[in-house]
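Please look over the model below before reading the comments.

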Amino acid sequence: MKILKKIFAIIYILSIIPSCTGYLDVVPDNTITLEDLFKKKEEAWDALAKVYNYMPRIEKTHETMWLAGDEYIGRLDYNDNAWDLRGIRVTRGLQTANDPLLGNWSGTNGGKRLYAGIRQANVFLNNIDNVPDMTEEEKADWKAQVKFLKAYYSFLLVRKYGPIIIADELISPDATKEELFQERSKVEDCFNYIITLMDEAIPNLTEKVPSTLAGQVDQVVAKAMKARVMLFRASPFYNGNMEYFGDFMDKDGQPFFPLVYDKEKWKDAIDAIEDAIETCEANGIQLYHYDTQPYVFDREDYAENDENIQTIYDLRMAITDPWNDELIWGYSNLDIYEQGEIGHASNMRLPDGYGGGITNTSGFSWQWLAATYRMAERYYTKNGVPIEEDLTFELDKKWEITTTPGADDPEYTEMKGIMQPGAETIKLYLNREPRFYANLAITGGYWRTHGVRINTKMYAGSDGGFNSSQHTTDYFETGIGIKKFVHPESKSGHWARTVKYPYPIIRLADLYLMKAEALNEYYDAPTQEVYDAINLVRERAGVPNVETVWSDASIVKSVNKHTTKEGMRDIILAERGNELAFEGSRFWDMLRTKRAVMEFSNPIWGWDYRGTTGANFFNLEVKQSRRFTITDCLWPIDLNEMNTNSKLVQNPGW
């Protein structure tokens, strides 16, 4: 309850405030004017909350962009429902210009209408100085927050649409047609506008807001998000992309995208990232480490395998421990009383025999949002390299069924608390990095949820598996679950039995990996500074340093791959894929590096969830086709907008 009370206090600023809902739609009647709504600080606070309320829902299973890409698969019986699993539908090639999925230009099909959010920001900025019972310092801080949000919403639009209309001024009701209908600006102009607006906001923001206002924008947040903007600006999709957009022109015949690559944009990114890291570290932001006693069910194993289990706790709780030291900015406008979050869709139901909760209950434990088979292969081996690179990993035997050592076998000691003793599994699931075991629910492993430790088997009729007598549609399609967003104490049946936490928009590990990438791209060859940045993340993840393992000819096939810019680029993107898995990063990483078309057009595979034994469960089958083309890299502008504004140029292919 202590955690829940804190969350209630935190989300106030981000909630829809009844007193201001719809106030922009009031018809003037000589009684209420816009200025009337900024007569007191309390009303200005409501207006500030309304600007925040346009932040996209990243936690809602059917409304989040996090599901785009190749990490997730949901219920296949939802395939024909345009309003379900919209993120997955994007990479199934089901986008249309009639009703764009998660469209932020017009607010179509589950997307927040970001131009309305920008308009609300402009209303706020035009009126906040009229509030009499606020200090100048308060006004400056609130204005800075709104300026930042205006820039952030513009960035989200650029990320999806490329060139956008820069809506910097509030359009009056009596505006002319020329003022009302505007043209899209060049991509570089859009980035410059966003960066300039963030730079204007940062000096007037509080350096670090107190915990009671966690979620509000401060300098720590703004600098971190500016670093992300600079990273995107420098990335090849937005920087010299002649391949995709050489013929994408405005009505004057000028290219929307910069067609000449500018390496110096990476230097700008380096400067912004280093500034963000310095500010974060100076304000106590650090990589998360679990510093509490392990749960009772783990203490016996912890006594004999403390280092490995500690790493599992560090990784598992870095997301679900509310407002922990690693989180820079989190989304906390949660539906406290409702279900629908990724953590609910991915949590398994409590099987019979464990006690401590309501068994086989679907409320807040939907048990159907699964990991794709690719995720089971994507995580590293225990040596910190991909399975296809590790000479010590029996790649040709990865699907071979085996049994883990028994509880009394000395070889089992390093598996305690990670894999069950004497359990049937496959070799693919052994000798993997800690993030594999922390984030994935697999056959022979454990899932800490419902306040207990569950022995996951994943076969039909077993713990974690398909059970037709309980749920004919709710099961993990691939036989691989996702533990990352489920707090170990979250239970079923009622909102008060779950642990709420802010879903991460950005955390410190992301900044360290940004730094490694930007440095690698700017210099001709990787420097020690590149290795140092990525190694900070790898050390917490429990894998060897890059330069140690990649120079070891007894372990890796591509010896010294880390010494070339191209090789290190692959290593950094792989690291981002593992560290930030399921957090909405991979889709945009692949898009901005121009790898999305290649990566997201492969079918989704998984195990046969109907299998009751290893022999008939561990059989790969295609679960879902995916199709993602160059056209899909930019969202279509809603046709209603195109028909209304003749100055708009539609994105290529739509």
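1. Basis. This is a predicted model, in which local features need pLDDT of at least 70, side-chain atom pairs count only at pLDDT 80 or more, and totals for chains, interfaces and linings use all residues. Numbering starts from 1 along each chain as its sequence is written, and side-chain values use heavy atoms, with hydrogens and water left out.

2. Helix H20. Helices here are DSSP runs (H or I, at least four residues), numbered from the N terminus. H20 (residues 585-592) is largely enclosed by the rest of the structure, because eight of its eight residues are buried (under 20% relative accessible area, 1.4 Å probe, protein chains only). Charged residues such as Arg586, Asp589 and Arg592 are among the buried ones. The cover includes H5, H8, H14, H16, H19 and H21. After H20 comes Lys594, with a positive phi near 60 degrees.

3. H8 and H16. The axes (lines fitted to C-alpha atoms over the stretch in contact) come within 11 Å and cross at roughly 35 degrees. Ala224, Ala227, Arg228 and Leu231 of H8 meet Asp510, Leu511, Met514 and Glu517 of H16 (contact: heavy atoms within 4.5 Å). By class, this contact has five nonpolar, no polar and three charged residues.

4. Nonpolar cores. A core is a set of buried Ala, Val, Leu, Ile, Met, Phe, Trp, Tyr and Cys residues joined through side-chain atoms within 4.5 Å. In the largest, of 186 residues, Phe148, Trp329 and Leu511 touch the most other members. H5 gives this core its largest share, 13 residues. Another core, of seven residues, lies apart and includes Tyr295 and Ile309.

Note on methods:
Buried means under 20% relative accessible area, exposed over 50%, partly exposed in between (1.4 Å probe, protein chains only). Helices (H or I, at least four residues) and strands (E, at least two) are DSSP runs, numbered from the N terminus. Axes are lines fitted to C-alpha atoms, for helices over the stretch in contact, and angles run from 0 to 180 degrees between N-to-C directions.
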